[in-house]
Amino acid sequence: MRTAFINQLLEETRHNERVFLLVGDLGYHVIEPFAAEFPDRFMNVGIAEQNMAGVAAGLAMTGYNVYIYSIGNFPTLRCFEQIRNDIAYHKANVKVVSVGAGYAYGSLGATHQATEEIGALRTLPNMVVATPGDPIEARAIATLSAQYEGPMYIRLGKAGEKIAHVEEKLDLKIGDIVPVVQKVGNQKAVMACGNILASAKRQIEEEQLPYDLFSIPFVKPLNKEQLLAIVANYPDGLITIEEHQRSCGMGSAIVEQLNDLFAAGEIANYPKIKRVAIPDEFAGGVGNQEYLRKVEGLKL
């Protein structure tokens, strides 16, 4: 997913002189083509993510569309205050990109596992939160983000994520909910965000579960009309699945919006919703992504 995103960002940069990329001493073999082709719009800030956020805000004030790129929790939780005060508060044109979110760096332990950052960043005013589920969505969000004016968080997987979509190209708009599996007669819908999308699709297919599957490439905002249509079409309710803490993640965002729609009278019946997410704990051990997903019960 990260390679698909960076390659598409490189293509966007060839047609957009405002794109500027900052990295926190990583990305070798991935960002090198960008650095070689655009040395004047690339900088390795080093292991100084808080400083990187401030540099990005300053560059944005001079007219650049700035991307800051680092591992999972480092460009997000480590510099949350700088993102809040320097970027979101000023509506700065900065895209915060984390690579290897969730348990992608599971073997390195909790310090490298970004499992709370959706909840943190979606609380910030002015911040769009993007969670592409496969390389197709990653490319689409790279294109969209290069055109978008304002703060955005982009949560990427690491490498090797399977493609979930049949289409080779998606034309996404901010907030879109994207169908992945739909079969006549299914009465329940699964909503997945991030790099667990393909895993959810595989389970549905292998176990022949009577569920339709939707990708949530944007946790904030959510397209209200699409969400209302999904609720209306699936009388047996919804399942949300994500590689993030149950608190404040994608499932929480859907529950919150549906609660407000129900209170406003825009839905007549509140749907039954099962949330599959990381329980309120740190992973009790280390291991690869699939192992930790199994340990933490991330299965439909």
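Two residues are in contact when heavy atoms of theirs lie within 4.5 Å. The model discussed here is predicted.

Q: Which residues is Phe20 in contact with, leaving aside its neighbours within four places in sequence?
A: With those neighbours set aside, Phe20 is in contact with Asp40, Arg41, Phe42, Met43, Leu59, Tyr64, Asn65, Val66 and Tyr67. Phe20 itself belongs to strand β1, which covers residues 19-23.

Q: Why is Phe20 called buried?
A: The relative accessibility of Phe20 is 5%. Buried means under 20%, so Phe20 counts as buried.

Q: How far apart in space are Phe20 and Thr143?
A: Their C-alpha atoms are 14 Å apart, while 123 residues separate Phe20 from Thr143 in sequence.

Q: What makes Asp25 partly exposed?
A: Asp25 has a relative accessibility of 34%. Buried requires under 20% and exposed requires over 50%, with partly exposed in between; Asp25 therefore counts as partly exposed. This residue is found in the loop between β1 and α2 (32-37). Its phi is positive, about 60 degrees, although Asp25 is not a glycine.

Q: Is Gln208 buried or exposed, and how do you know that?
A: Gln208 has a relative accessible area of 69%. The cut-off for exposed is over 50%, so Gln208 is exposed. Gln208 sits in the loop between α7 and β9. Its phi is near 50 degrees, a positive value in a residue other than glycine.

Q: Why is α7 described as largely enclosed by the rest of the structure?
A: Of the 10 residues of α7, 7 are buried, so the helix is largely enclosed by the rest of the structure. The buried residues are Leu197, Ala198, Ser199, Ala200, Lys201, Gln203 and Ile204.

Q: What makes Asn195 a buried residue, and where does it lie?
A: Asn195 lies in the loop between β8 (188-192) and α7 (197-206). Its relative accessibility is 9%, and the limit for buried is under 20%, so Asn195 counts as buried. Leaving aside neighbours within four places in sequence, Asn195 is in contact with Met1, Ala101, Pro132, Gly133, Gly157, Glu161, Glu243, Gln289 and Arg293.

Q: Why is Ala253 called buried?
A: Ala253 has 7% relative accessibility. Since buried means under 20%, Ala253 counts as buried. Its place is in helix α9, residues 250-263. Beyond its neighbours within four places in sequence, Ala253 is in contact with Arg122, Val219 and Leu222. The C-alpha atoms of Ala253 and Ile47 are separated by 32 Å, and the two residues are 206 residues apart along the chain.

Q: What kind of peptide bond joins Lys220 and Pro221?
A: A cis peptide bond joins them, with omega at about -5 degrees. Pro221 is located in the loop between β10 (218-220) and α8 (224-233).

Q: How many aromatic pairs are counted?
A: The count comes to 5 aromatic pairs. One of them joins Phe262 and Tyr270.

Q: How many helices and strands does the protein chain have?
A: The secondary structure of the chain comes to 10 helices and 12 strands.

Q: How do you know that the protein chain is as compact as a globular protein of that length?
A: The radius of gyration is 19 Å, close to the 19 Å that the globule rule gives for 300 residues, so the chain is as compact as a globular protein of that length. Along its principal axes, the C-alpha trace spans about 55 × 40 × 35 Å.

Q: What share of the 300 residues in the protein chain is buried?
A: Buried residues make up 58% of them. Of the contacts with a separation of 6 or more, 75% are between residues 24 or more positions apart.

Note on methods: Residues numbered from 1 in each chain as written. Predicted model: local features only at pLDDT ≥ 70, side-chain atom pairs only at ≥ 80, totals over all residues. Heavy atoms only, no water. Phe/Tyr/Trp six-rings, centres within 6.5 Å; stacked < 30°, edge-to-face > 60°. Helix = DSSP H or I, 4+ residues; strand = E, 2+ residues; numbered from the N terminus. Rg over C-alpha atoms; globule rule 2.2 N^0.38 Å. Buried < 20%, exposed > 50% of the residue type's maximum accessible area, 1.4 Å probe, protein only.
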